[in-house]
Amino acid sequence: MKLQTHYVFSTGLLTFFGTLLTHHFYTSLFFSGVVAILGNTLIDRFGHEIRSVYGREIVRRTPLTHTLPRSAVWGFIPALVLTLLYYYVYNYLSKELVFLTLVSLLNGPSHMLLDVFTERGIYVKRNGKWKRFALAHFSYDNPAVNGMAILFGILMLFTSYYIGGYNHYYYYHY
């Protein structure tokens, strides 16, 4: 999938689960957006190698970041850095920040969830060797598949807003 698709889908997923735990939509949205952008960028920048074959540049995924356990670690690093930075500056960790940091463990697996539908898939270890695994073989830039993933991300954002948005606290019943 395209990197922008990963950003929107991961932001929606992390905001949804963050809002379920904290009931603070805007805090979850900000933290999840930053973590999703930084984490997915790390996963793609360190996990893709570019080779030149017959004058064309080919981008190839590597098992360094495109496995399920390793992606969870790479996607969690930005949240850990942000949390430690917040603790260093304010010398305080709130319960909500700890929940959001734990929810960010889903950042890498959400990246793998989208990549498993592309033609190259993700890596799994079978018999001691890295093998590719894909559920579907869509092109990474297929507009329909990217659009569906972005739509799901936006739907999760709207659902999160409904769960934790502040506008329904001020609705009066007569």
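Tutor: Read from the N terminus, the order of elements in the protein chain is α-α-β-β-α-α-α-β-β-α, which amounts to six helices and four strands. Helices (H or I, at least four residues) and strands (E, at least two) are DSSP runs, numbered from the N terminus. The model is predicted, and local features need pLDDT of at least 70, side-chain atom pairs count only at pLDDT 80 or more, and totals for chains, interfaces and linings use all residues. Residue numbers start from 1 along each chain as its sequence is written, and side-chain values rest on heavy atoms, with hydrogens and water left out.

Two packed helices are described by the angle between their axes and the distance between the axes. Axes here are lines fitted to C-alpha atoms, for helices over the stretch in contact, with angles from 0 to 180 degrees between N-to-C directions. Helix α3 (residues 68-90) and helix α5 (residues 107-115) have axes that come within 6 Å and cross at roughly 130°. α3 is therefore oblique to α5; angles under 35 degrees count as roughly parallel, over 145 as roughly antiparallel, 65 to 115 as roughly perpendicular and the rest as oblique. The crossing of α3 and α5 is right-handed, a term that applies if the near helix is turned clockwise from the far one by less than a right angle, left-handed being the anticlockwise case.

On the α3 side, L68, S71, A72 and G75 make the contact, and on the α5 side N107, G108, P109 and M112; contact means heavy atoms within 4.5 Å. These residues comprise four nonpolar, four polar and no charged, where Ala, Val, Leu, Ile, Met, Phe, Trp, Tyr, Cys and Pro count as nonpolar, Asp, Glu, Lys and Arg as charged, and the others, Gly among them, as polar.

The loop between β2 (56-61) and α3 holds T62. T62 is buried, at a relative accessible area of 12%; buried means under 20%, exposed over 50%, and partly exposed in between (1.4 Å probe, protein chains only). Residues up to four places away in sequence aside, T62 touches F46, G47, E49 and Y123.

For the chain as a whole, 39% of the 174 residues count as buried. Among contacts between residues at least 6 apart in sequence, 64% join residues at least 24 apart. The C-alpha atoms fill a box of roughly 70 × 40 × 35 Å along the principal axes.
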